[in-house]
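Have the structure open as you read.

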Amino acid sequence: MNSTSRKITALQLAIEPLRNEIIHHPAYSSIHSLDDLRTFMEYHVYAVWDFMSLLKALQNQLTCTSVPWLPVGDANTRYLINEIVVGEESDIDLEGVRKSHFEMYLDAMKQAGADMTTVNRFIDFLKKGKKVEEALASADAPSEAADFVRYTFEIIRSGKIHVLSAVFTFGREDLIPDMFLSIIQELQNKFPQEVSRFKYYIDRHIEVDGGHHSHLALEMTSQLCEDDQLKWTEAQEAVVKALKMRKKLWDGVYQCIGSESVKFE
């Protein structure tokens with residue numbers, strides 16, 4: 001095992017407890033009804049949206065997005081970023097129509113009857129030129145979701161490409177437990193007209209972010225951090241905080257579902 005491989009292993013070991021907390025978070029098992037799923041979606045949609053900004057920030061720094069074109073960085077890294085952008089920005093929805101995963105998620109929310117007021121306001125404010133911070137506040141996004149997005153943009157603004165890469169690779173990788181997939185399958189069986197689009201989105205997300213992308217993302221982070229201990233330290237600190245923000249997001253979901261359940265008892 002070379003030095004870089006040892007550093008990856010050390011980072012993975014350091015974040016394993018947090019990963020397990022997220023994978024086994026009670027927010028997943030608290031989903032028992034369509035109302036519960038709607039609450040989950042009203043929070044999660046912000047993470048679906050800001051993943052694209054994280055990805056585009058990587059694309060801007062690791063590929064040439066200006067004219068005149070010049071070769072930038074490693075071709076394998078360019079391939080990874082561009083391939084994921086294609087999959088996230090122009091995938092095929094349930095009807096075979098080209099859409100981004102965010103647009104597919106909005107379709108799933110609409111089908112499920114989730115409240116789209118705040119996320120639609122958020123996007124409208126951005127289209128009108130408001131900054132992300134302003135748009136989050138003006139749209140009255142759930143506080144945990146707003147904090148999650150703010151941290152993502154803190155990472156983007158840092159301009160530290162090795163940190164962006166690490167958060168992308170380790171902080172936003174697939175953290176969907178099998179138990180959650182079973183719950184969604186059960187809900188789809190009961191409510192096929194309300195959940196089929198969400199089930200399709202989850203299936204596509206897992207497929208697009210599969211092993212091939214994970215392997216290339218690890219390679220990308222290794223190349224960007226190289227054998228620089230400071231870069232690996234900064235990467236680990238950012239990933240740990242990203243996972244803590246994800247846990248906080250799920251805490252918000254869990255508390256909201258719990259409060260809604262009490263309200264209707």
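Glu226 sits in the loop between α12 (211-225) and α13, where helices are DSSP runs (H or I, at least four residues) numbered from the N terminus. Its phi is near 50°, a positive value in a residue other than glycine. With 48% relative accessibility, Glu226 counts as partly exposed; on this scale buried means under 20% relative accessible area, exposed over 50%, and partly exposed in between (1.4 Å probe, protein chains only).

A word on the source: this is a predicted model, in which local features need pLDDT of at least 70 and side-chain atom pairs count only at pLDDT 80 or more, while totals for chains, interfaces and linings use all residues. Residues are numbered from 1 along each chain as its sequence is written, and side-chain values use heavy atoms, with hydrogens and water left out.

Asp140 also has a positive phi, about 60°, although it is not a glycine. It lies in the loop between α7 and α8 and is exposed, at 55% relative accessibility.

Now to the helix pairs. Two packed helices are described by the angle between their axes and the distance between the axes. Axes here are lines fitted to C-alpha atoms, for helices over the stretch in contact, and angles run from 0 to 180 degrees between N-to-C directions. A crossing is left-handed if the near helix is turned anticlockwise from the far one by less than a right angle, and right-handed if clockwise.

| Helix pair | Axis distance | Angle | Crossing |
|---|---|---|---|
| α3 (residues 34-62) and α4 (residues 75-89) | 10 Å | about 145° | left-handed |
| α6 (residues 117-127) and α7 (residues 132-139) | within 8 Å | roughly 145° | right-handed |

In the pair of α6 with α7, the contact (heavy atoms within 4.5 Å) includes Phe122 and Phe125 of α6 and Leu136 of α7. Its residues divide into seven nonpolar, two polar and one charged. For α3 with α4, the contact residues include Leu55 and Gln59 of α3 and Ile81 and Val85 of α4.

Is Gln59 buried or exposed? At 11% relative accessibility, Gln59 is buried. Leaving aside neighbours within four places in sequence, Gln59 is in contact with Thr65, Ile81, Asn82 and Val85. Its side chain also makes a polar contact with the side chain of Lys56 (3.0 Å); such a contact is a pair of N or O atoms within 3.5 Å, where within protein one must be able to donate a hydrogen and the other to accept it, and residues adjacent in sequence count only if both atoms are side-chain atoms.

Glu234, in helix α13 (residues 229-263), is buried as well, with a relative accessible area of 19%. The side chain of Glu234 makes a polar contact with that of Lys160 (2.9 Å).

Finally, the rings. The whole structure has twelve aromatic pairs. Rings of Phe, Tyr and Trp (its six-membered ring) pair if their centres lie within 6.5 Å; planes under 30 degrees apart count as stacked, over 60 as edge-to-face and the rest as tilted. Trp49 and Phe153 are stacked because their ring centres are 5.7 Å apart and their planes lie at 15°. Trp49 is in helix α3 and Phe153 in helix α8 (residues 143-158), so the pair ties together parts 104 residues apart in sequence.

Note on methods. Helices (H or I, at least four residues) and strands (E, at least two) are DSSP runs, numbered from the N terminus. Ala, Val, Leu, Ile, Met, Phe, Trp, Tyr, Cys and Pro count as nonpolar, Asp, Glu, Lys and Arg as charged, and the others, Gly among them, as polar.
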